[in-house]
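Keep the sequence and the 3D view open while reading.

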Amino acid sequence: MGADGKKKVVIVGAGAAGLFAGCFLKKEGVPFVILERGDKPGRKLLLTGHGRCNITNNKSPRELKEGYHEAGSYIYPALNSFSPEDAMRFIEEELGVKLKEEENNRVFPVSDKAESVRSALVSYVGEENIVTGFCCIDMDKTEEGFVVISDKGEKVDCSEVILACGGRSFPETGSDGTGYKVAGNMGHTITPLTPALSSVEVCAKDREFTSAVSGVSVNADANLYCNRKKTATGTGSVLFTHKGLSGPAILELSREIPRNIASSEGWIELDFTSHRSDEELDRELLQEIEGHPDSKITTLASRYVPSSVADKLGERAGVTDLRAKMATRNARKELLKVLKHLSLHIDTPPAYETAYVTRGGVALKEIERKSMGSKLVPGLYVIGEMLDIDGISGGYNLQAAISEAFIAVSDIIG
Ligand SMILES: Cc1cc2nc3c(=O)[nH]c(=O)nc-3n(C[C@H](O)[C@H](O)[C@H](O)COP(=O)(O)OP(=O)(O)OC[C@H]3O[C@@H](n4cnc5c(N)ncnc54)[C@H](O)[C@@H]3O)c2cc1C
């Protein structure tokens, strides 16, 4: 109970998860306060979707769950209880933010501004219900409920606590991992943490390649190799950057890059012609060479990749300026190698500063999946990125936060 003996919920963290939990409590008329360590609620929300906020992905819960890796079955009841359709209805009808759907079912505000979502959430919750500058470092379980304690020694009594402190990614937005310590103090296990949905830096030697074509995006499959074994694949497109690689295919596999990548041999192999086998591509290259004997061999390669990339691949293969009619079997083999097996080595693990989400977190075996309630501490709930759940890009992570907030509040109101 709160100090006055009445039900009062404390939400720790005014990110997406905490703000949505606040909205659902407000709708039900349950007293609550959101305690936020930063000076402004919803700072990470402003960065989402490149400032446009890809709030959800309009798929059925059954389809959507496939985007949460190992946690797909775990999160299904939450998605089923409050689906993307429910979330969209709530955002449009209750928050008054009109939405639109773009390719791959991704949903954005019509305004194309994340601020419109952030400010609608804050005004629905009510600024008077958000306390900023309160960094929770611990809590005590009492007979009546909890006492939530800040780093300055402030104390807030409540009947239930919802921990919504986020992960460790983009720590400048406030989610620096303190929440894990609070959950740990309450007896919860924190599974190993890794940056996920991150761009990847390649080693200095290979950076020469990526920086030369920085800003160019290509269709390619990306295969991650660690200790000479293929450990993950990302599909879609790859964006070359000054420091290495980004784009959907790279973001997808980044969660599998081990922290000790510097000491184990690791690389990303790009396949620019993934719909052909080596043999098929070889036959095709031979036909191209025979059909265009006077063309430069790199011009033939630009059938598969943009010409700036084809030129760099030609350099790698040692066939720059080579005319097709002069191409030996070996030259063709080298060209095939860079078109299907371009290896770019990694000696630095992805950083939290560039990761959209954190893999790992509060162990799911200790959290009831139908309510997000702690199995160890009755009255404690954990939602959002703090949990050991990370989704693919496309609105999956915000939808997870929204659905989890909904079932936690439903459990609290009974
Ligand atoms: C650049 C970027 C783009 C993204 N784009 C998308 C997208 O378009 N779609 C999508 O679905 N997902 C996107 N994500 C992921 C998504 O933003 C997160 O998964 C989501 O914000 C998690 O919500 P959360 O409330 O759990 O955590 P957060 O949003 O991180 O909020 C946690 C809050 O808790 C506060 N806090 C932390 N510790 C304490 C403490 N001890 N005491 C008090 N307060 C505390 C923090 O200051 C913060 O305000 C993106 C992430 C990034 C970084």
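The sections below go from the whole chain to single residues.

## Overall build

This is a predicted model. The chain holds 14 helices and 21 strands. Its C-alpha trace spans about 90 × 45 × 35 Å along the principal axes.

Of the 414 residues, 50% are buried. Among contacts with a separation of 6 or more, 71% join residues 24 or more positions apart.

Strand S18 spans residues 266–271 and is joined to S19 by 4 bridges. These two strands run antiparallel. Across this pair, Ile-268 stands opposite Leu-344 in S19. In general, strands of a sheet pair through backbone hydrogen bonds.

## Around the ligand

Which residues come nearest to the ligand? Of the 40 residues around it, these are Gly-13, Gly-15, Gly-166, Gly-174 and Gly-384. By class, the shell divides into 18 nonpolar, 17 polar and 5 charged residues.

Several elements each supply at least two shell residues. The helices are H1 (16–28), H2 (48–51), H7 (178–185) and H14 (396–413). The strands are S2 (32–36) and S20 (355–359). Helix H14 gives the largest share, 4 residues.

## Helix H7

Helix H7 contributes to the ligand shell and also has buried residues. Those are Thr-178, Gly-179, Tyr-180, Val-182 and Ala-183. Strands are part of what covers them, including S1 (9–12), S7 (136–141), S10 (160–163) and S21 (380–382).

After H7 comes Gly-187. Its phi is positive, near 100°.

## Two residues compared

Is Val-107 buried or exposed? Val-107 lies in strand S5, residues 106–109. It has 23 C-beta neighbours inside 10 Å, and the threshold for burial is 20 or more, so Val-107 counts as buried. Leaving out residues up to four places away in sequence, Val-107 touches Asn-54, Ile-55, Thr-56, Asn-57, Asn-58, Met-88, Leu-99, Glu-101 and Gly-395. Val-107 and Tyr-68 are 39 residues apart in sequence, and their C-alpha atoms are 18 Å apart in space.

Glu-115 lies in helix H6, residues 114–125. Glu-115 has 14 other C-beta atoms within 10 Å. A residue is buried at 20 or more and exposed at 12 or fewer. The count of 14 falls in between, so Glu-115 is partly exposed. Glu-115 and Gly-72 are 43 residues apart in sequence and 30 Å apart in space, C-alpha to C-alpha.

Notes:
Residues numbered from 1 in each chain as written. Predicted model: local features only at pLDDT ≥ 70, side-chain atom pairs only at ≥ 80, totals over all residues. Pairing = 2+ DSSP bridges. Near = placed C-beta within 6 Å. Nonpolar A, V, L, I, M, F, W, Y, C, P; charged D, E, K, R; others polar. Contact = placed C-beta atoms within 7 Å.
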